Amino acid sequence: MLSGLRLEAGKWARCGLPVEARVVRRRTAVATSAVATVAAVVVLSLIRDGRAGSPPLPLASLATLSPVRASGPAGPVGPEGVPIPTGKALARPRSVVAGRRIDGIACQTSEQVLFHIHAHLVIVVRGVEQQVPAGIGIAPPYQVASTARGAFIAGASCFMWLHTHAADGLIHTESPIARTYTLGDFFDIWGQPLDRRQVGPAHGRVTALFDGRVFTGDPREIPLLAHAQLELEVGRPLLDPERIAFPVGL
């Protein structure tokens with residue numbers, strides 16, 4: 001164990017160390033005839049963060065994409081009860097230190113739980129799923145818990161309000177204020193670019209998905225809502241969106 005670091009026993013229980021959680025990966029086949037039909041943009045209010053008056057999200061039907069392939073089986077279940085992709089990490093986390101602010105988001109010595117939600121991010125580059133690494137938004141040295149399902153960062157010198165504890169794509173929002181954070185905020189903390197033609201070091205046309213629908217706006221503006229299922233696909237082939245069952249407590 002590393003001296004001077006806070007070990008979060010309560011976090012272990014919330015994040016499933018270990019958790020017997022059934023992961024559901026649901027892939028939906030898209031009929032060829034449906035691909036030719038452009039669906040109307042779907043309006044979805046931002047209600048899961050308590051802001052019902054927020055602008056609607058620009059969403060379209062999955063049928064607007066062509067072609068879309070089914071993917072292979074999910075990777076092994078990690079320490080948070082969520083599958084970890086078998087592909088490599090897309091990019092390493094940027095280094096953060098106590099007191100640093102990025103997009104107004106601070107790195108503090110204790111996690112802030114006034115506003116505490118989780119979203120899941122999947123990144124696919126030319127048909128291969130990449131890991132969102134552990135340690136984004138967390139300042140080393142880390143206090144790492146070893147579990148039967150892999151490593152989990154349980155303590156550190158400071159935590160940004162958006163961070164990752166494991167390489168499973170689960171984004172933890174733990175903030176002292178209730179507000180809507182975005183995928184752009186998360187990528188800025190990660191230290192990686194994000195736009196319509198680039199996701200980190202991967203270049204190509206970016207297809208963004210939100211809860212199984214196509215997000216037609218700027219991917220940086222995708223909100224990190226509670227239990228939102230987000231996917232960024234770079235290039236082709238396109239895969240059906242991944243769906244997980246969030247473990248109890250997350």
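## Close-up views of a predicted model

View 1. Glu 80 sits in the loop between β3 (68-69) and β4 (101-102). Helices (H or I, at least four residues) and strands (E, at least two) are DSSP runs, numbered from the N terminus. This is a predicted model, in which local features need pLDDT of at least 70 and side-chain atom pairs count only at pLDDT 80 or more, while totals for chains, interfaces and linings use all residues. Residues are numbered from 1 along each chain as its sequence is written, and side-chain values use heavy atoms, with hydrogens and water left out. Glu 80 counts as buried because its relative accessibility is 0%. Buried means under 20% relative accessible area, exposed over 50%, partly exposed in between (1.4 Å probe, protein chains only). The side chains of Glu 80 and His 172 form a polar contact of 2.7 Å. Such a contact is a pair of N or O atoms within 3.5 Å; within protein, one must be able to donate a hydrogen and the other to accept it, and residues adjacent in sequence count only if both atoms are side-chain atoms.

**View 2. The disulfide of Cys 107 and Cys 158.** The S to S distance in this disulfide is 2.0 Å. The rule (cysteine sulfur atoms within 2.5 Å) gives a count of 1 disulfide. Cys 107 lies in strand β5 and Cys 158 in strand β11, 51 residues apart. The link is right-handed, with 90 degrees about the S-S bond. Both cysteines are buried.

**View 3. The largest nonpolar core.** This core has 44 residues. A nonpolar core is a set of buried Ala, Val, Leu, Ile, Met, Phe, Trp, Tyr and Cys residues joined through side-chain atoms within 4.5 Å. Leu 121, Leu 183, Phe 186, Phe 187 and Leu 232 have the most contacts inside it. Elements that each supply at least two residues include β2 (57-60), α3 (183-190) and β19 (229-234). The largest share, 6 residues, comes from β6. Another core, of 7 residues, lies apart from it and includes Leu 62, Leu 65, Leu 209 and Leu 238.

**View 4. Helix α3 and Phe 186.** 8 of the 8 residues of α3 are buried, so the helix is largely enclosed by the rest of the structure. Among them are Asp 185, Asp 188 and Trp 190. Phe 186 touches Leu 121, Val 132, Ile 136, Leu 162, Thr 164, Ile 171 and Leu 224, not counting residues up to four places away in sequence. Contact here means heavy atoms within 4.5 Å. Just after α3, Gly 191 takes a positive phi of about 85 degrees.
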